[in-house]
Amino acid sequence: MYGAKQFIQDYILKKNEQIEWLDTDDSDLLYGYIIKRTPRTYRRLAELWVGIKPLEPTSSPDKSLLDLKLSINKAKPISVDDGTLRHWLAEGWIIRKVTLSDDERTPLTEGYYMGPTLYAYIERERQQKIEQEIATFVQLQEQLSHCAIPDHISASFSHHINHILSLNYEEFEKGDRFQDWTVHKRVIFLKFLIALLKLRETKPMFDFKEIGASYFKKIGGSKVFDRYKDDFLNLLETWLQATPEVIGMISHGRVHSVYFSGNVKGRYANFQAGALHAVTDVALVNEQFQTVDHVLWLVENRAMLTRMTASPTFLKETASIVICLDGHIRSSHHTFTQQISHSPSVEQILIWTDYDESGLSIAYDAYRIVPDDVTVKWIASDGSIFRDYEAYKNWLQHQLSITKREQEEVLGDEKQWKKWINH
């Protein structure tokens, strides 16, 4: 617990300011001047009052005091009765400051800081909250360690789970594996994972709502995860490298589509070149698609897809199929692209994305999906072609130091597209 004078020295005084304490007849309060002293000048800036013996906070402060949201950085005016003000001052909950005019006597403004007692209370509450969060995290790690992961789930998912189990609280709090989520949201996601895996142990197929209901076992439990549903399912897809259906979640209230144009044949559906088509992530769970086309275009944006779809003659003459990645490679894009790119007929793949950091990331992720024994090309904004990812990466990173461009700025035409195919 800070003494009043030390607290003023450490938290209230600004650079080059000093406190000059004065003797008073008040047995409860310290009184002094905030001064600024240089070799040539001495100036009184403000008057200050603080309790002589700040209390160790054994109880919570008044709610009305907490609602004021006082800080140690800036004094703010408050409006309370004199008796309450005197009580808060004497017990060290607040510090009073009266700023003086240039004559060093006339009051200008009156404001209040957080006092040493209030500061100690807030710090104690913060520390207790951290200790509780650490205990909760360790408890959730223990629960997660006893969850069974189905054998058919990708090794990537197990890797992410093992990574969580290896973290300490500080690493969990700051780790980039959860993007920019708050600690609270990260903890809720851990509960989501545990609930999901526990439910999967007893039910091979289930609905999204059942995850929360089975875990919390109370009215409203089925809605606990609703607030973060999309974010949780997106991260789950990333970790699974597949749609949630692969782990048994047959209904989660959303359907993602992959848009394309070209010849595609599956067990249950066939598509012909010359129109814009779509397959859903639900369909991809039980489908195996192939193409008879020779050239696969992987484009980031729908504008490019619709532009090439509007040229059916080009698609047929060049035996091209175009898949739109929609600015983000979801598991459905990954699965469909992997199936099509591994078709025996595919001879080359052209990757065409935006010329920014996100586009570079998508270009790399797309490259990782396609087979190694097929020619892969990257299209640059000046129309040139790269056949090596590292060379393309170095070129684009240099371009990013100059400017960023979108794919739609370089749509080209049929003549240009054929040139890239034949390059």
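Me: Which strand does valine 258 face?

Reply: Valine 258 stands opposite valine 279 in E11. This is a predicted model, in which local features need pLDDT of at least 70, side-chain atom pairs count only at pLDDT 80 or more, and totals for chains, interfaces and linings use all residues. Residues are numbered from 1 along each chain as its sequence is written, and side-chain values use heavy atoms, with hydrogens and water left out.

Me: What makes E8 and E11 paired strands?

Reply: Two strands pair if DSSP finds at least two bridges between them. Strand E8 (residues 257-261) is joined to E11 by four bridges, and the two run antiparallel; they therefore count as paired. The names come from DSSP runs, numbered from the N terminus: helices (H or I) have at least four residues and strands (E) at least two.

Me: Why are E11 and E16 called edge strands?

Reply: Seven strands form an open sheet with mixed pairing, in the order E11-E8-E13-E12-E14-E15-E16. Strand E11 (277-280) and strand E16 (385-386) each have a single partner strand, so one side of each is left without a neighbour in the sheet.

Me: How do you know that helix H11 packs on this sheet, and which strands are touched?

Reply: Contact means heavy atoms within 4.5 Å. Helix H11 (residues 302-309) touches E8, strand E12 (295-299), strand E13 (320-324) and strand E14 (348-352). The direction of H11 makes about 35° with that of E8; such angles run from 0 to 180 degrees between N-to-C directions, and axes are lines fitted to C-alpha atoms, for helices over the stretch in contact. Helix H16 (residues 414-422) lies across E12, E13, E14, strand E15 (375-379) and E16, at about 125° to E14.

Me: Glutamate 414 lies in H16. Why is this residue called partly exposed?

Reply: Buried means under 20% relative accessible area and exposed over 50%, with partly exposed in between (1.4 Å probe, protein chains only). Glutamate 414 has a relative accessible area of 29%, and is therefore partly exposed. Apart from neighbours within four places in sequence, glutamate 414 is in contact with Ser311 and Phe314. The C-alpha atoms of glutamate 414 and methionine 308 are separated by 8.3 Å, although these residues are 106 residues apart along the chain.

Me: Why is helix H13 described as largely enclosed?

Reply: Eight of the eleven residues of H13 (residues 331-341) are buried, so the rest of the structure largely encloses this helix. Among them are His333, Phe336 and Ile340.

Me: Why are H4 and H7 called roughly parallel?

Reply: Angles under 35 degrees count as roughly parallel, over 145 as roughly antiparallel, 65 to 115 as roughly perpendicular and the rest as oblique. Helix H4 (residues 116-145) and helix H7 (residues 183-202) pack at about 20°, with axes 10 Å apart, which means that H4 is roughly parallel to H7. H4 passes H7 in a left-handed crossing; a crossing is left-handed if the near helix is turned anticlockwise from the far one by less than a right angle, and right-handed if clockwise.

Me: Which residues make this contact of H4 with H7?

Reply: H4 contributes residues including Phe137 and Leu140, and H7 contributes residues including Leu190 and Ile194. The contact of H4 with H7 divides into nine nonpolar, two polar and two charged residues. Here Ala, Val, Leu, Ile, Met, Phe, Trp, Tyr, Cys and Pro count as nonpolar, Asp, Glu, Lys and Arg as charged, and the others, Gly among them, as polar.

Me: What makes H5 oblique to H7?

Reply: Helix H5 (residues 155-166) and H7 pack at about 130°, with axes 13 Å apart; H5 is therefore oblique to H7. The crossing of H5 and H7 is left-handed. Phe157, Ile161 and Ile164 in H5 meet Leu190, Leu193 and Leu197 in H7, a contact of six nonpolar, no polar and no charged residues.

Me: How do you know that E2 and E3 pair?

Reply: E2 and E3 share nine bridges in the antiparallel sense, and tyrosine 31 stands opposite tryptophan 49 in E3. E2 and E3 form a hairpin with four residues between them. Seven of the ten residues of E3 are buried, and this strand is mostly covered.
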